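Colleague: I'm new to this one. Can you walk me through a few parts of it?

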Amino acid sequence: MDSSSNAKLFAFRQIAQEKLQHIFYSIPSEKDLIIDPVLIKPLEHVCGASWLRKKGVDKIFKFDPKNPPPKRKQFVYFITSNLLTFKSVLDQISGYQSQTNSLIEPDIRNKQYHVLVLPSVVASFEHLLEEEGLHGTVELHNFQWDFLFLDESILSLELPNVYADVFIRKDTTPLGSIAQSIRLFNLVMGKPHLVFSLGENAEKVLHMVQRTESSKRPGKEINKVENDGDKEPEYAAMLILDRDRDYPACLLTPVVYCGLLLEIQTLNSGSLVVDGENNKIRTGKLPFLQQEAAALSAAPKQETASLRMSGAQDMIYREHRYRHFSEVINLLSTQAKMLGLEGKVYSREMKLHEMKDYVTNKLPKVAAAKKELFKHLRLCETIVEEIGANFEKHQMIEESILTNTNRKQIMNYILELLSSDAHKYNTLRLICFYHVTIGLTGEDMTKLMTGYFNAFGYRHLRLFHNLFQGRLFPDTTNLSKTKILSQISIPTLKTPFQIEANKLKQLPTDTNEASTVAVSTVAASGSETGIASGMNVGKTCPSYVFNGNYIPLVTQLTHMIFAASSFDNLNTRLGHLERLKVSGRTLEQDNVGDHYSLYTPRTIKELSASSHKATLNQMLPFKQKTMFIFMVGGITYAEIAACHVLERTIGARIVISSDRIIAGHDLIESAVNC
C-alpha cells in the first residue's frame, strides 16, 4: 500500500480525536473518566492517557458497578449502548446523589454527570433516564470513533454485538452507525466508481448512506469534500456483504497462523491475550474435562501477557501471520536457535570497548527479541496441545461436509464428540457447518439436539432457536414435518450450497479446478505440509487458508470483479447472483445539482439490459485494481489472509474492514448468548 493511501487511513484516528475533543471541551472544568473495560483497548487506537489529560481529564477509572470510585469532580462515563450497563451507571449516579445534600438544588447549566455512548444513544436510554429521575442531572453524548487502524490494510469499527443484534435479534439499529462510518469513508477517500452489495443488511446500509448523502447535497451549503465530485476516488470499487452470505468461511477451521491464534485466545481490538492457563478450547468444555486438561498440563503458572496482532509493532507476527501453521513452528524453532547463538557471542576474550558495546546495544535487543519470541512459542504450544491431536481427522470431516460425502462418518464423528469431548461452542459450530452446507434431516437434528442436551443440559433449548434465526440450524418447530420429509429418500449428488459454490469456483477439492489465480509471491512460502494432515496444499489459489478445501466468497467475488474484461464478462461470471446489487459514482453521474435523486441499486443482469451498459463496459477492466471491503457481522483472519494472497498475486490494493474481527467460536458464542 502506498504511503499517501496509508496516511489517509490514519486520518480516521484524527477525526475520532476531533470528535472526542469537541465533547470534552463542551464539559467545562476538570473531570474524571470512568470507562467500560471492553472499550479500553479500542480507545488506545484513538488516544492515550496523556492526550486525555490535556483535554481536562484528571483521573481514569475502570467502570465497576459494585465498586464506584470516590466522587471528586465531574464524572464522564464512557460505555457501549447496552441498556443493562447504562442502568448500572444510573444506579451508581443515584448513589452519589443520595450522599449529597438534598437541599442543594442541582445546577442544570453545569451538569456533574456525563455519559458518552458508543456508537449512539438509543431511545430507551432517554426513557430510563426519566424513570430514574435523573433527566436534569445526567447529560448524554453520542460518540463513534469510526474506523480503527488495526494493521496494514485492516480496519475495524469495533462495535460490539452487531452479529447478534442484526442477524439473530433482527434489530437493525447498528446498521445506522455502520452507514455513518461508510459515508465518512466516502468523504475522506472519495466515493468509489462502483459499489457492490450482497445481502439484505448490506443493501440497507447502502440505502442509508445514499439517503444521508442526498440530504446533504441540495441547498446552499455544500460540503467542500462533496464538491470535489470530479476528483478520482482512492478506491475504484467497494464491496459490502453480509456475514450470512458466507458462513463456511467463518465456520471452517483455518490453517494460517493468524487464524489459529483466534481459535485459542480472545482478540480485543488487535490485542491477543497470551495465557497458558485459560483459552477458548479449555473453557468451552465440560467442567470435568477442564479439570483433566489442567491435570495433564500441571506446569508452573506463567504470567499473562498480550500480543499486538500488528505487523508494525511485532516483526515476528508480521513475518508469519499469513503462513501455514506447520511452517511457523519450524521457522520459530530456527529463530530460537539463532537467538540462542546470539546470546553466546559474549566471551571473556572481548576487549573492554567490545564488551561495553555488546552490553549497551546488542544485549537489550537480544533480550527483547527473546521475550517476543517466547510469546509466539507459548501460543504455538497451546495450538498444538489443544487442536493438534485431533486436527487431521477434523480436517477430513470438514472436507467431507464440503463435498457432501461420507454422511454416516460425519454424523458418527459429531455424535462421538458430543459423548466424549463435547465443546459448548465448537461442537455447535460443526453442527451448524453441516446444516449450512448439506442440510440436516429431522432424524439427524433430533440426535444432535439430544446429544447436546445430554452433555450440557436442557436449559440450552433456546439456543437452537437463536441459531435458526441466524439460518445456522433448521426450524425446530417444524420437526414433525421434517421427519416425514426425511423418510423420503431422494439421492442428491449436489446440495444447493455446492451448486452455488461450484458456479463461483469456491471448491477446488470438489471441482478439481483451482481458481485462475497464480500465486508467484505468496507470504506463506516454504513447506506445503498441513498442520497434522500430511496433505500437500497447493498454493495456486487462496484456498490454502483452509488447506486447499475452500475459497472464501469475499475473495472470489473480488477476484472475479477485478478479472472481468468488460461488464458483459462480469454478467457472465456473476449475473446469476440475484442479491448482488450494483451502485456507485458512475451510475449516479446524471443525478447532480438540485435534481439529485436516489439511485436504486440494481442487479448485474438488470444493468446489462439498461442504458448504463455502455458506460459500465468502458469502466471495466479497472485501470487501478483498488477495492474497499466491508463485512457486516464480523470478518475472519482466514478471509483476510485469502484476500492478502489475491492482493499480492494480481497486484491489487485491498483494504478490508468490518464491525469486528472474529473466529467461528466467537460467531457461535454470540448467537448462543444472544
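This is a predicted model: local features need pLDDT of at least 70, side-chain atom pairs count only at pLDDT 80 or more; totals for chains, interfaces and linings use all residues.

Colleague: Strand S16 then. How many of its six residues are buried?

Modeller: Six of the six, across residues 653-658, so S16 is largely enclosed by the rest of the structure. Buried means under 20% relative accessible area, exposed over 50%, and partly exposed in between (1.4 Å probe, protein chains only). Strands (E, at least two residues) and helices (H or I, at least four) are DSSP runs, numbered from the N terminus.

Colleague: Which residues point which way from S16?

Modeller: Arg653, Val655 and Ser657 point one way. Ile654, Ile656 and Ser658 point the other way. In a regular strand the side chains alternate between the two faces of the sheet.

Colleague: Which strand is joined to S16 by six bridges?

Modeller: That's S15, residues 626-632, and the two run parallel. Phe628 has Val655 in S16 as its bridge partner. Strand S7 (residues 154-156) also runs parallel to S16, with three bridges. There, Ser156 stands opposite Ser658. Two strands pair if DSSP finds at least two bridges between them.

Colleague: What do S15, helix H28 and S16 make?

Modeller: A right-handed β-α-β unit, with H28 at residues 637-650. Right-handed means that, with the strands pointing away from the viewer, the path from the first strand over the helix to the second runs clockwise.

Colleague: New topic: helix H20. Which residues are buried there?

Modeller: Leu463, Phe464, Asn466 and Leu467, in a helix spanning residues 461-469. Seen down the axis of H20, they fall within an arc of 155°, so they line one face. That arc is taken from the directions from the helix axis to the C-beta atoms. On the other side, Leu461 and Arg462 are exposed.

Colleague: What do the buried residues of H20 pack against?

Modeller: Helices H6 (162-168), H18 (426-437), H19 (442-456) and H29 (664-672). Contact means heavy atoms within 4.5 Å.

Colleague: Last one: Leu116. Where does it sit?

Modeller: Leu116 is in strand S4, residues 113-118. Leu116 counts as buried because its relative accessibility is 1%. Leu116 and His141 are 25 residues apart in sequence but 4.8 Å apart in space, C-alpha to C-alpha. Not counting residues up to four places away in sequence, Leu116 touches several residues, including Leu20, Val76 and Phe143.

Technical notes
Residues are numbered from 1 along each chain as its sequence is written. Side-chain values use heavy atoms; hydrogens and water are left out.
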